Amino acid sequence: MKKETAAEKRRKREASIRGMILREMIADVTSTQKGHAFQTGELRKHPKEPPWKCPDSFERELVAADHFDMEYYIRKEKPKQKVILQLHGGGYIAPLRNAYRRFSIMYSKCAGGAHVLTIDYRVAPEYPYPAALEDALVAYEWLLREKNYKAEDIVVAGDSAGGGLALCLVHYLKDHNRPLPAGIVAMSPWTDLALTGESYELNFEKDPLFGGTRDSMIYNCPYITKEEERTNPYVSPLYGDFTGFPPILFQVGDQEMLLSDTLEAAKKAREAGVKVKTSVYEGMFHVFQMGLHMIPESKAAWEEVGKFLNKLWK
């Protein structure tokens with residue numbers, strides 16, 4: 001039997017009608033003045049949202065760390081004694097939002113009732129690097145010391161900047177001889193803040209969220225205060241050594257400017273001997289998983305997350 005190539009193993013899906021409609025709606029919004037403010041990050045910094053209503057089937061414990069807050073979600077019935085540390089996206093400038101709280105619930109459901117710790121880590125420009133990494137480390141250590149989880153019972157997950165931060169955290173843990181988590185879920189991770197990937201140009205006009213402008217938060221990231229930080233593995237995990245990393249699930253849309261961030265990091269990790277699954281969803285945009293069950297691609301991506309998590313913890 002012919003062995004599949006790496007490209008053939010990638011999960012590619014034709015964009016659904018609903019997926020394409022949502023993509024075009026996003027592009028229409030970002031073409032407006034208010035949409036441009038979303039691209040630059042201005043609308044993300046102080047989001048105005050209704051109070052979060054935790055689903056009745058979950059309990060939420062609010063935890064105050066020294067410099068930031070955390071939210072610990074527990075399923076009431078038949079909880080699984082595993083935990084996911086979720087690191088939200090937002091370009092290192094946006095706080096925790098209700099969308100990411102919904103992600104927490106989705107992660108728990110996908111993992112058969114695992115607990116979830118999601119954190120409102122400090123963000124730039126008030127708190128540039130290494131604030132986010134420091135807070136992620138505090139959260140990881142809290143799970144080990146305060147909740148008595150073993151490292152093999154923890155998965156670190158994140159999207160966009162949070163996906164990059166998840167990889168940065170594991171680089172730091174490995175470099176400092178700390179116990180590593182069981183696995184990593186990285187949705188459209190920002191792994192290269194030096195912006196060297198070819199997709200930054202190839203998808204410049206295609207990306208409905210960040211394309212068509214150099215004013216976006218991608219090109220103007222206040223998390224970085226020194227030019228040399230762009231290639232620091234604790235900022236841009238692409239430049240680190242992935243040897244010894246736990247299994248990683250990468251998901252990305254092929255319309256993203258950050259497509260190369262996923263493909264290059266996945267390639268480097270695989271070459272270092274890491275078990276890697278990379279799924280490229282055709283026609284999809286940055287963190288399309290926000291669609292939850294509204295579009296087939298997002299639903300399929302979450303199902304894939306569930307399979308990955310349950311395989312790790314079988």
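## Salt bridges in a predicted model

At 14% relative accessibility, Asp153 counts as buried, where buried means under 20% relative accessible area, exposed over 50% and partly exposed in between, with a 1.4 Å probe and protein chains only. The model is predicted, so local features need pLDDT of at least 70 and side-chain atom pairs count only at pLDDT 80 or more, while totals for chains, interfaces and linings use all residues. Residues are numbered from 1 along each chain as its sequence is written, and side-chain values use heavy atoms, with hydrogens and water left out.

A salt bridge is taken as a side-chain nitrogen of Lys or Arg within 4 Å of a carboxyl oxygen of Asp or Glu, and by this rule the count comes to 13 salt bridges. Among them are the following pairs.

| Pair | N to O distance |
|---|---|
| Lys82 and Asp153 | 2.7 Å |
| Lys147 and Glu61 | 3.5 Å |
| Glu304 and Lys277 | 3.7 Å |

Glu304, in helix α10 (residues 296-312), and Lys277, in strand β8 (residues 276-281), are 27 residues apart; helices (H or I, at least four residues) and strands (E, at least two) are DSSP runs, numbered from the N terminus. Within this pair, Glu304 counts as buried at 4% relative accessibility, whereas Lys277 is partly exposed at 38%.

Lys147 forms its salt bridge with Glu61, and because Lys147 lies in the loop between α6 (131-145) and β5 (154-159) and Glu61 in strand β1 (residues 58-64), the pair ties together parts that are 86 residues apart in sequence. Lys147 is partly exposed at 28% relative accessibility, and Glu61 is partly exposed at 32%.

Finally, Arg60, Glu71 and Arg101 are linked in a network of salt bridges.
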